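Subject: Structure handover

Hello,

Here is the structure we talked about. Please open it alongside this note. My findings follow below.

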Amino acid sequence: MRVLGVDPGLTRCGVGVVEGVAGRPLTLRGVGVVRTPADAELGLRLVAIEQGIEEWLDEYRPEVVAVERVFSQHNVRTVMGTAQASAVAMLCAARRGLPVALHTPSEVKAAVSGNGRADKAQVGAMVTRLLRLEAPPKPADAADALALAICHIWRAPAQNRLQQAVAQNRLQQAVAAHASHHASKGRTA
């Protein structure tokens, strides 16, 4: 599985591509940051993020895009910019028919470090170790994007099994309800 991880942000949008499957060594395909000037008009910044993500999608051809789920922060302005960059990444993926997976920061931290409250240095160190790199990717947004991709690769098999089980259960319930409905109709006729 090849996953493009996106750590959304208006000024620095971390991007990283990891390939592999759960339980096997992972391979780094690319890592970087899409940057926009803080003094540029918002619409132009969003277009720049879109163009940057489109370039990554063209070059690396991921099968899935994993984006950090935006959570409420104390600074509304920061969370708005993060949410806008996140929406651009999801739009780019959807336009190509690519599935989008959202992971919370604590899910990502727990997946790569075993600690949902790990700090940026711990996440960077684990990404470095897991991808067999010589040094942590800089800036932290790039390392976070790789951590998102790793998290998705490791969590996707379990999530897929869970989704299949839920779908199977719903199907069984629908069949049972349908049979029950027809059985009760037969008794009243």
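The protein exposes about 10,600 Å², and carbon and sulfur atoms supply 54% of that area. Accessible areas come from the Shrake-Rupley method with a 1.4 Å probe; for residues, only the protein chains shown count as cover.

Some ground rules. This is a predicted model: local features need pLDDT of at least 70, side-chain atom pairs count only at pLDDT 80 or more, and totals for chains, interfaces and linings use all residues. Residues are numbered from 1 along each chain as its sequence is written, and side-chain values use heavy atoms, with hydrogens and water left out.

Overall make-up

The protein has five helices and five strands. Helices (H or I, at least four residues) and strands (E, at least two) are DSSP runs, numbered from the N terminus. Along the sequence the pattern reads β-β-β-α-β-α-β-α-α-α. Of the 189 residues, 39% are buried. Buried means under 20% relative accessible area, exposed over 50%, and partly exposed in between (1.4 Å probe, protein chains only). Take the contacts (heavy atoms within 4.5 Å) between residues at least 6 apart in sequence: 63% of them join residues at least 24 apart.

The sheet

Five strands form an open sheet with mixed pairing, in the order β3-β2-β1-β4-β5. β3 (27-35) and β5 (100-103) stand at the edges with a single partner strand each, so one side of each has no neighbour in the sheet. The twist averages 20° from one strand to the next. Angles run from 0 to 180 degrees between N-to-C directions, and axes are lines fitted to C-alpha atoms, for helices over the stretch in contact.

Two strands pair if DSSP finds at least two bridges between them. β1 (residues 2-7) and β2 (residues 12-19) run antiparallel and are joined by six bridges. In this pair, Gly5 stands opposite Gly16. β4 and β5 run parallel, with four bridges. There, Ala66 stands opposite Ala101. β5 has a covered face, Ala101 and His103, and an uncovered one, Val100 and Leu102. Helix α2 (residues 76-95) lies across β1, β4 and β5, at about 170° to β4.

Glu68 lies in strand β4 (residues 64-68). Not counting residues up to four places away in sequence, Glu68 touches Val6, Asp7, Pro8, Ser86, His103, Pro105 and Leu148.

Pro105 is in helix α3 (residues 105-113). Pro105 is buried too, at 14% relative accessible area. With the same exclusion, Pro105 touches Glu68, Arg69 and Phe71.

Backbone points to check

Most residues other than glycine have a negative phi, and most peptide bonds are trans.

- Arg61, in the loop between α1 (42-60) and β4, has a positive phi near 45°. Arg61 is exposed, at 56% relative accessible area.
- Arg132, in the loop between α4 and α5, has a positive phi of about 55°. Arg132 is exposed, at 52%.
- The Lys138 to Pro139 peptide bond is cis, with omega near -5°. Pro139 sits in the loop between α4 (120-130) and α5 (140-188).

Best wishes
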